[in-house]
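Trainee: Could we go through this structure together, taking the words used for it one at a time and setting each against its definition?

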Amino acid sequence: MATPLSDPSLSPLQTIAVVGLGTMGTGIAEVLARAGREVVGIDISEAQAAKALATLETATARAVERRRLTEQERADVLARVHVSTDLRAAADADLVIEVAPESYEIKHQIFRELDGIVRPGTILATGTNALSVTRLAADSARPERVLGLHFFNPAPAMKLVEVVSSVLTAPAAVTAVTNLALDLGKEPVAVGDRPGFVADGLLFGYLNQAAAMYEAKYASREDIDAAMRLGCGLPMGPLALLDLIGVDTARTVLEAMYAESHDRLHAPAPILKQLSEAGLTGRKSGRGFYTYEAPGSATVVRDALTPSESAAQVQGREVRTVGVAGSGTMASGIAEVFAKAGYEVVLAARSEEKAQTAKARIGKSLSRSVDKGRMTAEAAAQTLDRITAAGSYEAFADVDLAVEAVAEDLEIKQQLFQALDKVCKPGAVLATTTSSLPVVACARATSRPQDVIGMHFFNPAPAMKLVEVVRTVLTAEDVHATVREVCARIKKHAVDCGDRAGFIVNALLFPYLNNAIKMVQEHYASLDDIDAAMKLGGGYPMGPFELLDVVGLDVSLAIEKVLHREFRDPGLAPAPLLEHLVAAGCLGRKTGRGFREYARR
C-alpha cells in the first residue's frame, strides 16, 4: 500500500532531478537553475550529460552578452546544476521530471526504478505529450504522486506548461507543480489526461492534415508552408514545423491520439511512416520534408523538389485595367491594392451610391496610411484618382482583369459571372475571390471557362500578403501565368492550389478550429486555457476562440459544412456547439456575443 501523500504544496520544490538530457531536458534544467532550483541532470549517456553541461554554459554565456545575467549570476546558475549517469542521483529530489523517449517501456522502467530510490513525498512528473499519464501512474508504486508536466520547446523561451492530472493524482501534487511553474515564470494550464493534451492535441491534427495535403500533391511544400505563415500569421509552416519536431515524434503522437479518438484526422498520414522508416526524420537527420545543410541544422538547402527559378514561363496576358465587383470591405480592400500598384481600377457595385461608399472607404484607408507615414498625401491622392466608381457592371467593358468580391453565395456569384461574360471583352481574365465555393461552378456559368480562375485574397486585403491562386481543370495556362504576374506586381505572395473546398488555408485552419470547439463541448478544457495554450505553446497570434469570434461563427459554420460535404470525413462534421450558437444568433464580435461576450458599439 502506498504511503499517504504529505502536502508538498506547503513547501516549494527546491531540488529537482531531470531524467533525459536531450534538447528538452537540457532546456528544462536551464529554466530550473535560473529560477534558483538545485538541479540534478541524469542521462544514461556520459556524452549526452557532458553535452548538456556545454549547452548550459553556452546559453548562459549568451545571456551574459545580452545583459540578461551578470557573470556572478551565471556562475551561480552553473553551480546549481550537477549531472550524473546514475538514476540514484535523484534520491534527494523533491520532484523528478522524466523527459525520456516516447516509449512506455522506457518510461515504465524509469518510474519503477525511481520508486525504489526517491523519498516517500517525492513527486514524479512525466514530460510526455503522447502517452497516457494514467497508464504510467498505474504502474507506479505511488500513483497519487505521478502527473504530467509538459514543457514546450525551447523550454527557456516558451511560456506554456501543461499540468496533467490523472484520476489517480493527488490535488496537493498538482498544486505543488503549478506553484513551481508560476515561480519559473511560466503560465500553467491544468488539463486532464488524453494524448496531445490541449496544445499538441490541436496542433498535431493540423500538422497531419498538412502532411496528407502534401502527400496528395494538392500543393507544394513551399506553398503549403507559405500559405499558413502568411494567411494565418503562424511563425512556421506545418511541414517545416514537422521537420523541427521530428517526423518520427509526430507519428508517435498521432498514433497515440488515434488509438484513443479513432478519428481519421488523427490517423497518421502514410508519408509520416515512409519518411520515419527511411530515417528522414527532419532537421535532426538533415532531411525530412525539406533537406538541410547538415543534421541538426536549420538551414534549408535546394533539393530535387525545390521549385526551379529558371523554368520556362508561359507568357501571360497584358493587364492594365482591373475591374473589382462588389462594395463590401473585401472589394474596397482589393481595389485599393490594385490602385496602389498603379493599375487603373473600375470599382462597380449594384448602385452608384454603393460604389461611391466603397470608394470613400478606400479614401479613409489611404488617409490612415498617410497619417501613419506609410505613404505621402500626394501618392494617396493619385491612388484614389486611379479608382472609378460605377453603378453598373457595364463599366467593365474594357477591363483586362475582372475580380468579383461579392457575397459568398454560389447563386449570386454565378449570376455575376453570367453578367461578366456578356460585358467583358474577349481575352479578359475573370477571377473569383471565393474562399470556399467551387471555382469551376463560376467558370461554367460563362461561355469562356478557360478564362476563369480563383484569386483568394485574405482580409484585410491591403495588409495580408497571401493570395491563393486556384486553377480549375478548365483554366488556361496563360490565365494562370497572368494572375501570377499580377500578384507579383501588387506585391502579394501567390500560392498555387487546385479547385477543392477550403483551398490550402481554410482546409487546414477550420478543422483545427472545429476540434478546439469539441474540446470545450466535451468539458476537457476552458476557452481561456485553450486560447492561452495555442498562443503560448504554438506561437499562434490568436487563440482559436478569439479567431472564431473575429471571423464570425456563421461564416465558420458555413466553411465547416462545405469541408464536410466535400471530403465526407466524419471528423470534419461541424461541432454541435457551433451549430447551437449560430442558431441562437451568437455570431461573434459582430453581434456582441459568440464564444465570449463583447461590449456593443
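Predicted model: local features only at pLDDT ≥ 70, side-chain atom pairs only at ≥ 80, totals over all residues.

Trainee: Why are α2 and α3 called roughly antiparallel?

Mentor: The axes of α2 (residues 46–65) and α3 (residues 71–79) cross at roughly 160° and come within 9 Å. Angles run from 0 to 180 degrees between N-to-C directions, the axes being lines fitted to C-alpha atoms, for helices over the stretch in contact. Angles over 145 degrees count as roughly antiparallel, under 35 as roughly parallel, 65 to 115 as roughly perpendicular and the rest as oblique, and therefore α2 and α3 are roughly antiparallel to each other.

Trainee: Which classes of residue make up the contact of α2 with α3?

Mentor: This contact has five nonpolar, one polar and three charged residues, where Ala, Val, Leu, Ile, Met, Phe, Trp, Tyr, Cys and Pro count as nonpolar, Asp, Glu, Lys and Arg as charged, and the others, Gly among them, as polar.

Trainee: What makes α18 and α22 roughly perpendicular?

Mentor: α18 and α22 (residues 576–583) pack at an angle of about 90°, with their axes 8 Å apart, and therefore they are roughly perpendicular to each other. I517, V520 and Q521 of α18 make the contact with P576, L577 and L578 of α22, and these residues divide into five nonpolar, one polar and no charged.

Trainee: How do you know that G328 is partly exposed?

Mentor: G328 has a relative accessible area of 30%, whereas buried means under 20%, exposed over 50%, and partly exposed in between (1.4 Å probe, protein chains only); G328 is therefore partly exposed. Its place is in the loop between β11 (321–325) and α12 (329–340).

Trainee: Which residues touch the most other members of the largest nonpolar core?

Mentor: Of its 107 residues, these are Y206, F289, F396, I504, I530 and F545, and the largest share of this core, eleven residues, comes from helix α18 (residues 505–521). A nonpolar core is a set of buried Ala, Val, Leu, Ile, Met, Phe, Trp, Tyr and Cys residues joined through side-chain atoms within 4.5 Å.

Key: Residues numbered from 1 in each chain as written. Heavy atoms only, no water. Helix = DSSP H or I, 4+ residues; strand = E, 2+ residues; numbered from the N terminus. Contact = heavy atoms within 4.5 Å.
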